[in-house]
Amino acid sequence: MGKKTYEDSFKNKMIEELCNDKPTKEINREYGVSQTTVLKWLRDFIKNGAFGHNALLSPKENLRLEQLKEKAIKRELATKYQLMVNTK
């Protein structure tokens, strides 16, 4: 069985779900994507920006993506903190 691939638009949707405080467990249950995969996408989004957005974007879309990136960074930090607390 091969590695499952996902469309860029789906990955972007999952990032938005995470940034709007949807728990990874709920994303897993609803969409069948592992928590590890979704968190990897979150890190990739923070590092590289939205999936599949190589073309020039409007200023409004750039602003929206920058705001989403800020939320993504906060979500990643919260996740790391939660892991630290749970491992003590």
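Which residues does Asn 12 touch, not counting residues up to four places away in sequence? Asn 12 touches Ala 50, Phe 51 and His 53, where a contact means heavy atoms within 4.5 Å. Asn 12 sits in helix α1 and counts as buried at 14% relative accessibility. The accessibility classes are simple: buried is under 20% relative accessible area, exposed is over 50%, and partly exposed is in between, with a 1.4 Å probe and protein chains only.

Some ground rules before going on. This is a predicted model, where local features need pLDDT of at least 70 and side-chain atom pairs count only at pLDDT 80 or more, while totals for chains, interfaces and linings use all residues. Residues are numbered from 1 along each chain as its sequence is written, and side-chain values use heavy atoms, with hydrogens and water left out.

**The overall picture**

The protein chain has 4 helices and 0 strands, giving the pattern α-α-α-α along the sequence. Those elements are DSSP runs numbered from the N terminus (H or I, at least four residues, for helices; E, at least two, for strands). Along its principal axes, the C-alpha trace spans about 45 × 35 × 20 Å. Of the 88 residues, 28% are buried. Take the contacts between residues at least 6 apart in sequence, and 57% of them join residues at least 24 apart. The chain exposes about 6,600 Å², with carbon and sulfur atoms supplying 52% of it; accessible areas come from the Shrake-Rupley method with a 1.4 Å probe, and for residues only the protein chains shown count as cover.

Helix α1 has 12 residues and reaches 17 Å from its first C-alpha to its last, close to the 16 Å expected at 1.5 Å a residue. The expected span is 1.5 Å times one less than the number of residues. Besides Asn 12, the buried residues of α1 include Met 14, Ile 15, Leu 18 and Cys 19. The buried residues of α1 pack against α2, α3 and α4.

After α1 comes Asp 21, with a positive phi near 70 degrees. Most residues other than glycine have a negative phi. Asp 21 lies in the loop between α1 and α2 and is exposed, at 63% relative accessible area.

Helix α4 covers residues 59-86, and its 28 residues should span 40 Å at 1.5 Å a residue; the end C-alpha atoms are 40 Å apart, which agrees. In α4, Leu 65, Leu 68, Ala 72, Arg 75, Glu 76 and Thr 79 are buried, and the buried residues of this helix pack against α1 (8-19), α2 (24-31) and α3 (35-48).

There is also a nonpolar surface patch, made of Tyr 81, Met 84 and Val 85, with about 320 Å² of accessible area together. For patches, residues need over 30% relative accessible area and no salt bridge; like charges are joined within 9 Å and nonpolar side chains (Val, Leu, Ile, Met, Phe, Trp, Tyr) within 5 Å. Val 85 belongs to α4 and is partly exposed at 38%.

**Aromatic rings**

A search of the whole structure finds 4 aromatic pairs. Rings of Phe, Tyr and Trp (its six-membered ring) pair if their centres lie within 6.5 Å; planes under 30 degrees apart count as stacked, over 60 as edge-to-face and the rest as tilted. Tyr 6 and Phe 10 are stacked, because their centres are 5.3 Å apart and their planes at 15 degrees. Tyr 6 also pairs edge-to-face with Trp 41, at 5.0 Å centre to centre and 80 degrees between the planes. That pair links distant parts of the chain: Tyr 6 is in the segment before α1 and Trp 41 in helix α3, 35 residues apart. Tyr 6 is partly exposed at 22%, whereas Trp 41 is buried at 5%. Tyr 6, Phe 10, Tyr 31 and Trp 41 form one aromatic cluster.

**Salt bridges**

The structure holds 6 salt bridges, each a side-chain nitrogen of Lys or Arg within 4 Å of a carboxyl oxygen of Asp or Glu. Here are some of them.

| Salt bridge | Closest N to O |
|---|---|
| Arg 64 and Glu 61 | 3.0 Å |
| Lys 80 and Glu 76 | 3.9 Å |

Asp 44 and Lys 40 both lie in α3, 4 residues apart, about one turn of the helix. In α4, Lys 80 and Glu 76 are also separated by about one helical turn, being 4 residues apart. Lys 80 is partly exposed at 46%, while Glu 76 is buried at 17%. Salt bridges that share partners join Glu 16, Glu 61 and Arg 64 into one network.
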